[in-house]
Amino acid sequence: MIKKEVEKLLQYVQKPARYTGGELNSVVKDADKVDLRYAFCFPDTYEIGMSHLGMKILYGVVNERDDAWCERVFAPDTDMEELMRKNGVPLFALESGDYIKNFDMVGFTLQYELCYTNVLNMLDLAGLPVLAKEREALTPIIAVGGPCTCNPEPMCDFVDIIFLGEGEESTNEVLDLLKECKQNGATKQEFLLKAKDIDGIYVPSFYEDKYNDDGTLQSITPTHGAPAKVKKTVIADMNTVYYPDKFVVPFVNIVFDRATTEIFRGCIRGCRFCQAGFIYRPIREKSVETINRQSKALIDSTGYDELSLCSLSTSDHSDVDNMLNSLIDWTVKDKINLSLPSLRVDNFSDELVDKLNKVRKSGLTFAPEAGTQRLRDVINKNVTEDEVINTCNKAFDNGWTSVKLYFMMGLPTETMEDIEGIADLGMKVVHTFGKNPNTKGSGVQVSISCASFIPKPFTPFQWEPEDTMDSLKAKQKHLLESIPSRKIKVSFHETPTSLLEGVLARGDRRLGKVLYSAFKKGCKFDSWDDKFNFDAWMQSFEENGIDPLFYTQRTRDFSEVLPWDHLDYGVSRKFLELENKRAHENKTTPHCRIKCAGCGANMLNGGHCDARD
């Protein structure tokens, strides 16, 4: 229900439907009949947040409870925020229109380091103290979760509890505890003392950091009986865990406006640059029967005519042929477009092509990641140039005329020869199209997208320096000069945002004061190029006596204490060190189904990993 003070603002903003609520399948309850109000916040705009699968899952998990009501909150765009502040309207939830400062828990999902200032801005817009130490009451508890919490240290000054790993079960445990504490009149400190004992819950105020004279971290010491290592939570059985049978259907176009079915978690591949491939281990699959049942339920309840399969590598599902056969049987009949992202060039089989031919054609996307075989071996991509070319040729045989190739720039040991290899590979794909007897005309389009590599925690490259902005710009220039054809289009990632992302990804608690300063200077929506204020960030670093290059330009020794060493994501440090050494020797490691590399993540799931079976 929209409050009158909000409704009168909507005529002055772009896309007012972002702020109204009332969409199909949104959950509305009687606030007087629930014990807990939970504001699930996505620190970006409605269009981005409504595309996020994790939010849909946890929204459903909480609303399954009779005693709790979860509502959605998104960062208002700058036009709406300006009006809200001018008219004294605090941040509100979409379902009820109520102000979230009066809720029991306010949770943020941290999907990307450059959303951190949005979290601070949303707390401030809600009328809540930004610093955790200034929030003395039991409620609202401020929580964060998501992939960035594998190193949440830069955000520790602002949050009360941190969810590590998968939240379907731990969310309910925290809500049970919060309900109990509310009923018993407990204090916030009493709540936190009990919350620290819940699996996967990290209470940052119960840890103290110390630093060496050279600025490196000396120790992170638990206090108040907190565990020395906090383990992430893992869902053991993907077939029985909660999955929503309906999604909220938005009023405006969103980034991924379709039904989405998660088919498995984890990845067998072990690409050394890929944080997701390590932090989501061990591998756990859904059965074909479960995938079909959940997919049909979503299509029926939403009216979508597109279904996307969600995983880190769709074609790596162990029963992919049977899965696609069963899905195509009913999606083709019901005129549902089946979207298969995250395909691999090394298992793009004739059978898979045959199945893809039965669904609506769109451009194909593959990720060679590096331009030369040497560098692909360094990053353990385990893909050859011949596989890329043969896969593209197979696609062209079957009517595709556009291919998008993803690469990374700034990888460890990278040279200008590797950059030239990106252009060479793109040109070979163009020639492959021209030589193919089944193609007509010269209408091929090869898109090359180059992301800047950022070393991330819990990967074999967590000890590596990040490439400099000047070096990245030089490589971007060299790649453009190496492209010989207009049939190849190249896009890049902005280098200033890459610097900030790298700092926050491997930063420690000292960055909290930099974040706070940047927020005070108006920094927000830092991932949006037109809103990113690089100068304000650099001033914030300088004012707080912190050199951002300390976090990006150093090669860390294996003996150095890392800011996330007290958090356990299952993959052993010994394994990551070994993979780092193998990278510098240009040696590859076979994927998990060829040979178990002993990463250790299966021990988080009682020794079970679907890739080992």
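Six nonpolar, two polar and six charged residues make up the lining of the second largest cavity, where Ala, Val, Leu, Ile, Met, Phe, Trp, Tyr, Cys and Pro count as nonpolar, Asp, Glu, Lys and Arg as charged, and the others, Gly among them, as polar. Keep in mind that this is a predicted model, in which local features need pLDDT of at least 70, side-chain atom pairs count only at pLDDT 80 or more, and totals for chains, interfaces and linings use all residues. Residues are numbered from 1 along each chain as its sequence is written, and side-chain values use heavy atoms, with hydrogens and water left out.

**Cavities**

- The model holds five cavities of 30 Å³ or more (a cavity is a set of points on a 1 Å grid over the protein atoms alone where a 1.4 Å probe fits but cannot get out; lining residues have an atom within 4 Å of a point).
- Of the 14 residues that line the second largest cavity, D508, F550, R554, E560 and P563 lie nearest its centre.
- The largest cavity has a volume of about 100 Å³, and its lining includes R18, Y19, Y46 and F74.
- Ten nonpolar residues, no polar ones and one charged one line the largest cavity.

**Second largest pocket**

- This pocket (an open set of points with protein on both sides within 12 Å along at least five of seven lines) has a volume of about 350 Å³.
- Its lining has 15 residues, with A132, K133, C156, D157 and S205 nearest the centre.
- By class, seven of the lining residues of the second largest pocket are nonpolar, two polar and six charged.

Notes:
Grid points are joined across faces, edges and corners, and a volume is the space filled by probe spheres set on the points.
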